[in-house]
Amino acid sequence: MAFTDHCDVFGAFHEDGFNRIIGHIRFQRPSMFNYATQAIADNPGLLCRPIEAHPRLNQHGNPLVTIIDPLPLPGTNFALNFSVQLVDVKIDFHPSSVVTLPAELAPLGVQRFALSLRVCAGIGCPPAQVVSDLIPPPPDPDADPNQPPPPPPPQVVLPPDQQLICVCLDAFAAGGLRFREYFQHFYLEPFIDRIEISDIQPADLESGIECVIDATLRLGFLPKLRILLEKMALDITDDVTISVQPKPVAVSPQVPNNPALEQDEVRAFIDLEVS
Amino acid sequence: MPHLRVAASEQAFKKLFAKVVEKFVLEKSDSKDLGPFTAGYDIKIHLEGGSVDLRADNTVQVKELDIKWDRLNLSLGIDIPGFCIPGICLIPNPLGGCILETPEICLFDADPDISIVLPLGGLITSEISITGRLRTRYNVNADRPPDMDQWDAQLPDPKLTNTWQLFLDPQFVDIDLVDVADTVGDLLDDAIEAAVEALGVPDVIAGGLSAIVSLVRDVLDIGDDIQEWLSDLLGVSLGLENIIGQALIEHFVTDDPLFELEDPYPILDKAPNPNNKAVQPPLPDLVPVKLPIRDLTVSNNDVELVLEGNVG
């Protein structure tokens, strides 16, 4: 049986290659994996995990981290520095062989991938003396009650102590890949069925953290990993160019899954429109 | 097991080939000074027929691809060495001199003296068949400075990136670019005679028309085989084989690759800097994410072509 019995072009990517791709994305676009407040970004040595990045990124003005807002302390005008890092990301296409899923997700379903990652969060707890020094005084009891209240003070981000308080959690996800059309263009995009983190107590804390990680992956991380099925132009002469538009083959009894996640590969079946 | 495998069906090749045949048009004109005469051409060609076949022995065959000459006008300009016939004294003057003298006649003082345009569009047929083996080659861009990184290399036009290239290494090439019909000989003879007649050479010229026709053929260096002479003129002297080749054959049999894959290959486009702030000028975009491609190989059987490679 030929690879292209039911399509013009067949593409297959082995999970080993895919994990190398993830490594290259982390190396060349570390800001997709590392989030921190400005003070930590300015002093990346504070991060829970050091960032390995391409040495030339700096010359191209590319950041190592995406700057996020500080964590406000409720009822105050103060905020804390913090960071979130996604590290040790691995993917495993069915059947499972690279990632050992927790019981809640095992066994990995057919046509699905397993994703494992470690999420490291760091909080910049300020030195106790700094907090003591910043405790606000009570309101002046002798102040004129008819005076308008003073404007709210600007937010003050408390400086972190010498290092962040770090915690790392192992997270696992089961998901799949699909073709989806946006703006008349087809993209290969990942999606998540369910996420689990290593057991922590109380259970609702675990659920809450899972919710945060799940939403972060779905809304922020995975959409950036879409791959466009790009139109190609083949120049035949200076004046003659042939345009090749790839389109995924519709699912049918002959092609029951497209893309397919099987035998440790993602497989795509594509037809070409030539014009 | 390779990290990456891409297979393209023979049907996909046939689609691409049919579109190349459908869309290919080449128009060009030029002239050359070939010493005793000048020659020029004005051509328009398109492609018809032909087939592409992936074969079980790991070769690819392009067969019987016809080049159709919608227009092939060959122009010849012949500059015959000029000479003058001095005046002849009809009534000499006994006291000296001449009472009645014919005027001096100078011939062939134009440049060119004779211009011939041969419309050969329907009289030339061309066909090409090629069998070859597909190969990959890694091309290190020699123009790229050693300290230039993969992102700076994509900025110039053309890019200075390295590439994986796919070639058709020819095993058998049958190119019959200028096959001249028998009737071209008569056409050329008639055109020369008509052009010479148009000169209006006076009868006093010894030998008359036939001598000048013979002179023109000598200048053009036409031997006994007009078809061979014309093939040589069009294909070699005017370089039509090279011209057609640059436009067509290079895509099959020369150093130009059929397909190039940039290495490293961009998989994520450049993107806006995530740290842009509304009130500040935009920061530099994030550079594209690029994958090094290693060990790229190509093979084919009678139903599909398969490219395999690894991520570095």
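1. A residue is called buried here if 20 or more other C-beta atoms lie within 10 Å of its own, exposed if 12 or fewer do, and partly exposed in between, with C-beta atoms placed from the backbone. By that rule A:Gln263, with 13 C-beta neighbours inside 10 Å, is partly exposed. Its phi is positive, near 50°, in a residue other than glycine. A:Gln263 sits in the loop between strand 13 and strand 14 (265–274) of chain A.

2. On conventions: this is a predicted model, in which local features need pLDDT of at least 70 and side-chain atom pairs count only at pLDDT 80 or more, while totals for chains, interfaces and linings use all residues. Residues are numbered from 1 along each chain as its sequence is written, and chains are lettered from A and ligands numbered from 1 in the order in which they are written. Helices (H or I, at least four residues) and strands (E, at least two) are DSSP runs, numbered from the N terminus.

3. A:Gln184 also has a positive phi, about 65°, although it is not a glycine. The loop that holds A:Gln184 runs between strand 8 (165–182) and strand 9 (185–197) of chain A. A:Gln184 is exposed, because 6 other C-beta atoms lie within 10 Å.

4. Chain A has cis peptide bonds to note. One joins A:Ala106 and A:Pro107, with omega about -5°; A:Pro107 is in the loop between strand 5 (78–93) and strand 6 (113–124). Another joins A:Asn258 and A:Pro259, with omega about 0°. A:Pro259 belongs to the loop between strand 12 (241–248) and strand 13 (260–262).

5. How many residues does each chain bring to the contact? Chain A brings 33 and chain B brings 39, where two residues are in contact if their C-beta atoms, placed from the backbone, lie within 7 Å. On the chain A side, strand 1 (9–14), helix 1 (15–28), strand 3 (66–67) and strand 14 each supply at least two residues. Helix 1 of chain A gives the most to that side, with 7 residues.

6. Strand 1 of chain A and strand 1 (residues 4–9) of chain B pair in the antiparallel sense over 5 bridges. In this pairing A:Ala12 stands opposite B:Arg5.

7. In chain B, helix 4 (residues 226–237) has buried residues, among them B:Trp229, B:Leu230 and B:Ser231. Helix 4 is followed by B:Gly239, whose phi is positive, near 70°.

Methods:
Pairing = 2+ DSSP bridges.
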